[in-house]
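Biologist: I have a structure open here and would like to go through it with you. Could you take my questions as they come?

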Amino acid sequence: MNITTKRLKELEELKELEFRPLREIRDIQEERFQDLLKRAPPIYGRYLREIKDLDDLTSADFFVYKDQLRTRGRDFLAVPLTRVSRIFSSSGTTGPPTYSYFTKEDLEVLDQLAWRAMRRMESPEETFKDDIAMIDAPSGMFMLNYTMCRMAYQSGLTIINPNGTLSEIVRLLHEFNPTVYMGYLSGILSLMESFKIKGGLERLSSIRKVILIGENLSLARREQLRILLNRDSGGLKVYDVYGMSEVCQTLSSECKFKVGMHMAIDHVFFEVIDPITHEHSKENKGILVITTLTKRADPLIRYWTDDYVEISYERCKCGRTLPRIVFVDKYRNMIRVGDEHIPPSRIEAVIFSGEFAPIIIDYQAVVKGTLEEPVLTIKLRTIKRLNREQISSLRDMLERALKIHVEHVEEESLTSVKREPTRMQKRQRVIDKRRW
Ligand SMILES: [Zn+2]
């Protein structure tokens, strides 16, 4: 165990909060929001003039967008730069990088949330105390790497932290036989692809648990990972963690029941907004909008995350009252058909099922046509070549499941790829070429 008994007692008290009635947590949110109103930086000035409490906030008519953070990032600072302890720079995969700022207090909250995220996954039968974690977040992913190291450290795991190159990962797998893989979905997929191309997938045989952050993890995808790694059901536990680098990457995580991720609403206030009407969603499905309640350095108020989510509020089987969030996907990855939004998980439910699960490793959907009548091309990355009947039956199954015309199903087989797949970036699985 890395942390002291006194510290552990403090953390256990924080965990207890996750089981309290929601109205009690709402009181904590309100109290923290009142404090936020006092220290919010001037950039929010005119927006907050009429806002006295959280109810007022939900009827406000502004959002903060990522582009504003890119162009006016420093204006969101509520403290002098000299009080900031750490600045993280985003990888900039979807545009210029953004910076997120953390004071000492913010880093302490990050640690608490990292610890809570890990504790939710544990049960008396399932703990991490004897585990060795390999953290696979290459050096370009500073914040992911930092966050995962804190999660593992706080939970007493032994950490190995390769630099992201295949040769070092192979060496460390051989040397230490890690039992937990911590990283991101595209990372473990590219690792498996490299092993499929060069041989050596059995090197991952010591891995029993996989903890992933930052990409959609559908049920079909989890099953696919298990099949690709040759595990029996129960032989691989996959846990999902969700957050965003602008706030904290461990805002929510799954408990052992895996029915959505419990969100730490004592640190954030959230709203779910219909992406088309910009009204609050009645079905609790839409864009997650976050107000940070405790962030000291750069507090965000009504931050439009651009993440499409679904929320449920019933008490979980684990006893927690904290609402559960399903991260459906980045909004840009949802396939819009008129006013409907089709999640990519519906593609995954087809291509990672039955005879295709051990063959298809990843995909990309290219959307053309019109808003009302999209046309899809599905590009598959396969371990061995599919025959013509399989391609045609996949196309039919995809059309039925998505109710969208699928013009082509194309494949790139790893048997014809000699180059190692690119690491260090999250893959974009939907590319929408339409304009509306
Ligand atoms: Zn639960």
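Biologist: In what order do the strands of the open sheet of 4 strands come?
Modeller: The order is β18-β17-β16-β19, and the pairing is mixed; strands here are DSSP runs (E, at least two residues) and helices are runs of H or I with at least four residues, numbered from the N terminus, while two strands pair if DSSP finds at least two bridges between them. This is a predicted model, in which local features need pLDDT of at least 70 and side-chain atom pairs count only at pLDDT 80 or more, whereas totals for chains, interfaces and linings use all residues. Residues are numbered from 1 along each chain as its sequence is written.

Biologist: Switching topic, which domains does the assignment give?
Modeller: The assignment, which is automatic or from a database, gives domain 1 (5–330) and domain 2 (336–432), with their C-alpha centres 27 Å apart.

Biologist: How many residues of each are in contact?
Modeller: Counting residues as in contact if their C-beta atoms, placed from the backbone, lie within 7 Å, 30 residues of domain 1 touch 24 residues of domain 2.

Biologist: Which element gives the largest share on the domain 1 side?
Modeller: That is α9, with 9 residues; the elements giving two or more residues to this side are α9 (185–198), α10 (219–228) and β13 (324–330).

Definitions and conventions. Contact = placed C-beta atoms within 7 Å.
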